[in-house]
Amino acid sequence: RALTPQTAETDAIRFLVGTQSLRYDNQIHIIDFDDENNIINKNVLLHQVGEIWHISTSPADKGVLATCYNKTSDTKVMTCAAVWRMPKELESGSHESPDDSSSNTQTLELLCHLDNTAHGNMACVMWEPMGDGKKIISLADNNILLWDLQESSAKAVLSSSAALEGKGQLKFTSGRWSPHHNCTQIATANDTTVRGWDTRSMRQIYCIENAHGQLVRDLDFNPNKQYYLASCGDDCKVKFWDTRNVTEPVKTLEEHSHWVWNVRYNHSHDQLILTGSSDSRVILSNMVSISSEPFGHMVDDDELSDQEDQHQEEKIKEPLQDSVIATYEEHEDSVYAVEWSSADPWLFASLSYDGRLVINRVPRALKYHILL
C-alpha cells in the first residue's frame with residue numbers, strides 16, 4: 001500500500017515501496033527507473049519492525065525517510081511511526097543494481113521514533129514541503145502532532161499538537177501539508193470531512209463538512225494555485241475545492257466505479273491529475289479549466305497580423321476543455337497508491353494490492369501540446 005517518490009532526488013527517477021507481510025520481515029524496495037534503456041533496478045532494505053502502511057521521504061535529505069508501521073505487543077496492534085536512514089551507498093539513485101545472488105540485503109538505520117504512546121495509532125507522516133527536513137507532522141487517531149527533528153534527525157521533539165473535538169471515535173485518515181503560505185497550513189481528512197489547520201496556532205481555519213458522501217481517502221494541494229485542494233473518497237468521486245469558499249466544490253470528477261484511494265497533482269503542470277481506485281484503474285485527467293493556465297499560453301500581440309488578431313482574440317477567450325486523457329488498466333487488483341516522479345514530470349508509478357508496481361508516462365502528444 002505504501003509508495004512514495006524520493007522527494008529530494010531530482011536527477012534520477014526513483015520510488016520507494018513498502019511491503020505488508022505477516023510472515024516475513026518487511027522490506028522497503030528502492031525502485032530506480034532507467035528511462036533511456038527502459039530498465040528497472042531494484043534494491044531491498046529490511047524494515048524489521050512491522051508491516052508498512054505509509055511511507056514518506058525527506059524533502060531535503062535523500063537518505064532519510066519516515067514510515068508508519070504495525071507493531072504487535074500484548075495482543076494489541078499499534079501503528080507507530082519512525083524516521084530512518086538508508087545506507088550511504090543507496091542514497092542517490094543513479095547506481096546499477098547489484099547482482100542478486102551476491103547482494104546482501106541491508107537494513108535501515110533507525111534515527112528516532114515519533115512517540116505516539118499518548119496519542120494513538122499513526123495514520124501518516126508529512127514533511128514540511130519546502131523545509132530543511134527538520135519539521136514533520138504526524139496524524140495519530142484524532143491528534144495532529146508537530147515534531148522538530150534535532151541532532152541530525154536522531155531525536156524528535158513534540159513542539160505542538162491539536163486534537164479533533166466532537167462526538168464518537170474521531171480518527172484522521174490522511175493529510176497533506178500545503179506548499180503555499182510559507183508552509184503554515186495543512187489539510188486533514190477524517191470520516192467525510194476535510195479540515196484546514198494553521199500550523200502556527202494549531203487552530204482550524206476551514207472545514208468542508210460532507211466533502212464526500214463516504215469516507216475521504218486522500219488529499220492533495222495544487223502546487224501552483226494556493227487555495228486549490230483536491231480530495232477523493234469512497235463515493236467514487238474526486239472533488240476540487242477552493243478553500244476560500246468551501247460550500248461547493250469547484251469541479252467534480254466521476255470517472256471511477258469504486259473507492260478512489262489516491263489523488264495527485266502533477267508538480268509542474270497542475271492540470272494533470274492522477275487518481276487510483278479499487279476499480280483497478282489509474283486515470284489521468286486533464287483539468288485545464290481549474291489549472292494555472294486555463295486559457296493555454298497567451299500569445300504576444302506583436303506576433304499577430306490584424307486578421308489573425310481577431311481570430312486569436314476569440315481563441316484565447318475560450319477556455320480549454322477538461323477531459324480524461326487516459327485510463328490505465330495494467331492492474332488486476334485495487335490500486336492503493338499513485339505518485340508522480342520528483343525527477344521527471346511526465347512519469348508516474350502506481351501500486352496495487354497484489355504488489356504490482358507499474359511505471360507509466362504521460363502520452364507524448366499531450367506532453368508536446370502542453371509544452372509547445
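Domain 1 and domain 2 of the predicted model bury about 3000 Å² between them, 74% of it on carbon and sulfur atoms; buried area is the accessible area (1.4 Å probe) that two parts lose on being put together, summed over both. Of the area that domain 1 buries against domain 2, 22% is supplied by Arg1, Leu3 and Phe15, more than by any other three residues. The model is predicted, with local features requiring pLDDT of at least 70 and side-chain atom pairs counted only at pLDDT 80 or more, while totals for chains, interfaces and linings use all residues. Residues are numbered from 1 along each chain as its sequence is written, and side-chain values use heavy atoms, with hydrogens and water left out.

In the domain assignment of the protein chain, domain 1 comprises 1-91 + 105-163 and domain 2 comprises 165-294 + 318-371; such bounds come from an automatic or database assignment. The C-alpha centres of the two domains are 21 Å apart. Contact (heavy atoms within 4.5 Å) involves 39 residues of domain 1 and 35 residues of domain 2.

One salt bridge is counted between the domains, the term denoting a side-chain nitrogen of Lys or Arg within 4 Å of a carboxyl oxygen of Asp or Glu. A salt bridge joins the side chains of Arg361 and Asp35 (2.6 Å, N to O). By class, the side of domain 1 that touches domain 2 has 23 nonpolar residues (Ala, Val, Leu, Ile, Met, Phe, Trp, Tyr, Cys and Pro), seven charged residues (Asp, Glu, Lys and Arg) and nine polar residues (the others, Gly among them).
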